[in-house]
Amino acid sequence: MAQSANVRVRPKETENEINEKGFFVRQKNHFTTPFGNGEGKLPVEAGRYRLIWAKGCHWSNRASIVRELLGLEDVISINLVGRGKHEQDLGWEFVFDENSTDPVLGVQFLSELYANGDPEYKGRATVPAIVDVTTKKVVNNDYVWLTNYLEKEFAPFHKEGAPDLYPAELREEIDRYNDYLFDNVNNGVYKAMFAQSIEAYNDAYNHLYAAFDEIEERLETRRFLFGDYVTDADIRLFVTLARFDTYYFKNLGPLRNRIVDFKNIWGYARDLYEIPAFKNNTYLRDLAKANGNKETIFIDYNTRFWDQIDYEGLWSEPQNRKEKSSDPENKFKRN
Ligand SMILES: N[C@@H](CCC(=O)N[C@@H](CS)C(=O)NCC(=O)O)C(=O)O
């Protein structure tokens, strides 16, 4: 197939997103127009948007979980991207579709949809991306607020009895906690993994484990981060936890603890994994999948064992987190 002029070679983080001290400084989200009613906002409509995400990417996994928890499957369509093999790195591609082409949007690479959204865009074409199917343009890639838009602005389209993941009385507190999670955990792992100086690495590593210690303590008395019910903050934490022992550990160097070593955090992660929307959107085996060469000596752990480990079985082992709740049979506050 002839390649569209809109396909871009992927710019490298190590060339564009590292500061003079070796710290990773993430590129800014480019498409940040909020959803809502009124001028300058993206209209909230059913059938107009498509969520593009990737199994490995926790920023986008958040949105795929929330979409399903809220019953928005018929309101916002969805598709997955992956990596294809090309001489140059061309970034995310619709590799799971026939002819590697998204059947609704008719393109092969995510960068084409970014270029439709802004021909001058020079950054990495990232997921999550929300595409307006009427224009085939990326209209929002603001992973920071995306789940909150689904929770708040798309409320008229939620299924009956959908969970209230972003209760009005907790919003400020959830936002503050989400910022903390972002700096120390969600982006904390990336700060460590992409650090180009040992100073930057140690700084990120120390913040990450200090946050895990705080969370472990918090979860001693609460079933979920904000008490008896799952909120937006739990989804953000879960998606990083799911990748930690399966995938991130390889690039994090010697670990102080794995997730399974934290009594509360590990029980909490499994409590969430029991919920179908979490499980359906968490591809543990794919996260761990390795493509190292088994024929050589000194082979990394995942290359040797990923196909022997029953990740789903491990994550489905029983836990007793119910004990921490005053409403043990319900994980959600419902509207
Ligand atoms: N939009 C954010 C965060 C989302 C993000 O980093 N997504 C990653 C996957 S987890 C991605 O899509 N990367 C594509 C690429 O780097 O080519 C960013 O621009 O940094």
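Beyond its neighbours within four places in sequence, Asn178 is in contact (heavy atoms within 4.5 Å) with Asp232, Ala233 and Arg236. The model is predicted, with local features requiring pLDDT of at least 70 and side-chain atom pairs counted only at pLDDT 80 or more, whereas totals for chains, interfaces and linings use all residues. Residues are numbered from 1 along each chain as its sequence is written, and side-chain values use heavy atoms, without hydrogens and water.

Asn178 belongs to helix H5 (residues 171-194); helices (H or I, at least four residues) and strands (E, at least two) are DSSP runs numbered from the N terminus. Asn178 has a relative accessible area of 4% and is therefore buried (under 20% relative accessible area; exposed is over 50% and partly exposed in between, with a 1.4 Å probe and protein chains only). Its C-alpha atom is separated by 8.4 Å from that of Asp232, 54 residues apart along the chain.

In helix H8 (residues 263-273), 10 of the 11 residues are buried, among them Trp266, Arg270 and Asp271. The cover over these buried residues includes helices H6 (198-221), H7 (232-252), H9 (276-280), H10 (284-288) and H12 (311-315).

Four strands form an open sheet of mixed pairing in the order S2-S1-S5-S6, where pairing requires at least two DSSP bridges between two strands. Strands S2 (76-80) and S6 (137-140) are the edge strands, each pairing on one side only. Strand S1 (residues 49-53) runs parallel to S2 and is joined to S2 by five bridges; Tyr49 has Ile76 of S2 as its bridge partner.
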